[in-house]
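I am opening a notebook page on a structure that is new to me. I want to write down what I look up, one topic at a time.

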Amino acid sequence: MPAQIIDGKQIAQQIRSELAAEVAEFIENNAATPCLAAVLVGEDPASQVYVRNKERACEAAGMVSKLFRLPAETTQDELLSLIAKLNKDAEVHGILVQLPLPPQIDSERVLRAIHPSKDVDAFHPENVGLMTLGKPRFLPCTPHGVLQLLKRSGVETAGKRAVVVGRSDIVGKPMTLLLAQKGWDATVTIAHSRTTDLAAVCREADVLVAAVGRPEMITGDMIKPGAAVIDVGINRVDNGTPKGKLVGDVAYDAAAEVAGWITPVPGGVGPMTIAMLLHNTLTAAAAIER
Ligand SMILES: Nc1nc(=O)c2c([nH]1)NC[C@@H]1CN(c3ccc(C(=O)N[C@@H](CCC(=O)O)C(=O)O)cc3)C=[N+]21
Ligand SMILES: [Mg+2]
């Protein structure tokens, strides 16, 4: 039986309409509208697309989106002073600084300058710490989106073996912690580029999350029959067209013949990241306006 396709676009749309209702209620009960400030430094074309999608999604949910575009030559001090201004701005509930930042900027310093109560990416060490302790203020958007895809598709994680391929601070690491936490209750392995016999490790997974950033590196033979395969990768590869083609970290066609569930790219995890960003922005607004 071929895999059930997990339609991230549709599930994200469902979450966004749930959020729109909550935002409307929030606006009725508070003298404020949830507001996300997005900061984009430079002209990276992919970043422009993501930031525009985030703005549109915010507005569709009834939230305010403020975009701050800074030139590629922006200095660290200029960026830090914008963040200081946004931290103090009572109208702004969430702040997102789009990554990657240009090389003259120390990303770690910038992310730590965002006030933790407005850190809707959940990248600040205080928020990473709270999440790790099982007391999250915000959940990081992409891993939270993955959990929602699993839950809303009826994939059981309790007692199951989960393998996360990739150990980034943004996806891999928090993904493993969340899958192991109470309520999700998976037995989790974190695998990476130095893992011996990666294929055998992956084949043990009832839930396989690929977050390595290497196009189609997870092949059909690495998948346990019936597993849920969640592809976090978004890689643009050359296919002779000017824009190239988006592919995930999973070789989709072969994987779909073996898996029980699978997420496509595009239309899988990507739209969920944005939906969970909106969710965090509403959470931030509720905490600040309370
Ligand atoms: N501070 C910060 N926070 C982020 O959350 C963040 C970031 N920086 N920098 C870049 C990455 C990447 N990211 C995506 C979000 C949505 C899609 C998305 O909606 N993708 C669509 C396709 C988009 C396309 O066609 O290119 C999809 O997968 O269907 C993709 C990627 C958020 N990121
Ligand atoms: Mg941030």
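**Ground rules.** I note that this is a predicted model, in which local features need pLDDT of at least 70 and side-chain atom pairs count only at pLDDT 80 or more, while totals for chains, interfaces and linings use all residues. I count residues from 1 along each chain as its sequence is written, with chains lettered from A and ligands numbered from 1 in the order in which they are written.

**Domains.** I looked up how the chain is divided and found domain 1 (30-116) and domain 2 (141-270), with bounds that come from an automatic or database domain assignment. The C-alpha centres of domain 1 and domain 2 lie 28 Å apart.

**Ligand 1.** Which residues are closest to ligand 1? I find 18 residues around ligand 1, the closest being Leu99, Pro266, Gly267, Gly270 and Thr273; a residue is near if its C-beta atom, placed from the backbone, lies within 6 Å. Domain 1 and domain 2 each give at least three residues to this shell. Helix 2, strand 4 (94-97) and helix 10 each supply at least two of its residues, and helix 10 has the largest share, 4 residues. Here helices (H or I, at least four residues) and strands (E, at least two) are DSSP runs, numbered from the N terminus. I sorted the shell by class and noted 12 nonpolar, 5 polar and 1 charged residues, where Ala, Val, Leu, Ile, Met, Phe, Trp, Tyr, Cys and Pro count as nonpolar, Asp, Glu, Lys and Arg as charged, and the others, Gly among them, as polar.

**Helix 2.** I then turned to helix 2 (residues 45-60), whose 16 residues reach 23 Å from the first C-alpha to the last, close to the 22 Å expected at 1.5 Å a residue (1.5 Å times one less than the number of residues). Its buried residues are Lys54, Ala57 and Cys58. Seen down the axis, the buried residues of helix 2 fall within an arc of 105°, so they line one face of the helix; the arc is taken from the directions from the helix axis to the C-beta atoms. I use buried for 20 or more other C-beta atoms within 10 Å of a residue's own, exposed for 12 or fewer, and partly exposed for values in between. The face turned away from the buried side carries the exposed Pro45, Val49, Arg56 and Glu59. The buried residues of helix 2 pack against helix 1 (8-29), strand 2 (35-41), strand 3 (64-70) and helix 10 (269-289), a contact being two C-beta atoms, placed from the backbone, within 7 Å.

**Backbone details.** I keep in mind that most residues other than glycine have a negative phi, and most peptide bonds are trans. A cis peptide bond joins Leu99 and Pro100, with omega about 0°, and Pro100 sits in the loop between strand 4 and helix 4 (107-113). The bond from Val265 to Pro266 is also cis, with omega near -5°, and Pro266 is in the loop between strand 11 (261-262) and helix 10.
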